[in-house]
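Visitor: I would like a close look at one part of this model, with the cut-offs spelled out.

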Amino acid sequence: ANQVDIGQAGGVEAIVNGSLAHIGNAQLQSEAIGAIRTLATNLDNKSRIRDADGNRAIVSAMWVHYTNAPLLEAAFSALTNIAVNPVTNQVSRMSKNELEVIVSA
């Protein structure tokens, strides 16, 4: 229920905007990615994350902090949560940029 409330209140957009505004701050990126990872377990929030460019925020953080293994681990987990539809058990398509980051990590 909290995930739904946060999503409906604009929390996804606030997290993504904060992440993009402070891309160089590894601690903030870790927290933002963790929040997105958790919110992405809700089907409605997956759409909100995509619409707010949450995937781009995560991938950008991965590029900037590519030597930070814990951040990358959380980012992979978040991208997985965003990509997998729990109802159909199918994976949505990733962008070329998302795939490049994953391959180079």
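At what angle do the axes of helix α4 and helix α6 cross, and within what distance do they come?

Guide: This is a predicted model, in which local features need pLDDT of at least 70 and side-chain atom pairs count only at pLDDT 80 or more, while totals for chains, interfaces and linings use all residues. Residues are numbered from 1 along each chain as its sequence is written, and side-chain values use heavy atoms, with hydrogens and water left out.

Two packed helices are described by the angle between their axes and the distance between the axes. For α4 (residues 43–51) and α6 (residues 69–83), the axes cross at roughly 115° and come within 9 Å. Axes here are lines fitted to C-alpha atoms, for helices over the stretch in contact, and angles run from 0 to 180 degrees between N-to-C directions. On the α4 side, Lys46, Ile49 and Arg50 meet Asn81, Ile82 and Ala83 of α6; contact means heavy atoms within 4.5 Å. These residues divide into three nonpolar, one polar and two charged, where Ala, Val, Leu, Ile, Met, Phe, Trp, Tyr, Cys and Pro count as nonpolar, Asp, Glu, Lys and Arg as charged, and the others, Gly among them, as polar.

As for the setting, the protein chain has seven helices and two strands, in the order α-α-α-α-α-α-β-β-α from the N terminus. Helices (H or I, at least four residues) and strands (E, at least two) are DSSP runs, numbered from the N terminus. Of contacts between residues at least 6 apart in sequence, 66% join residues at least 24 apart.
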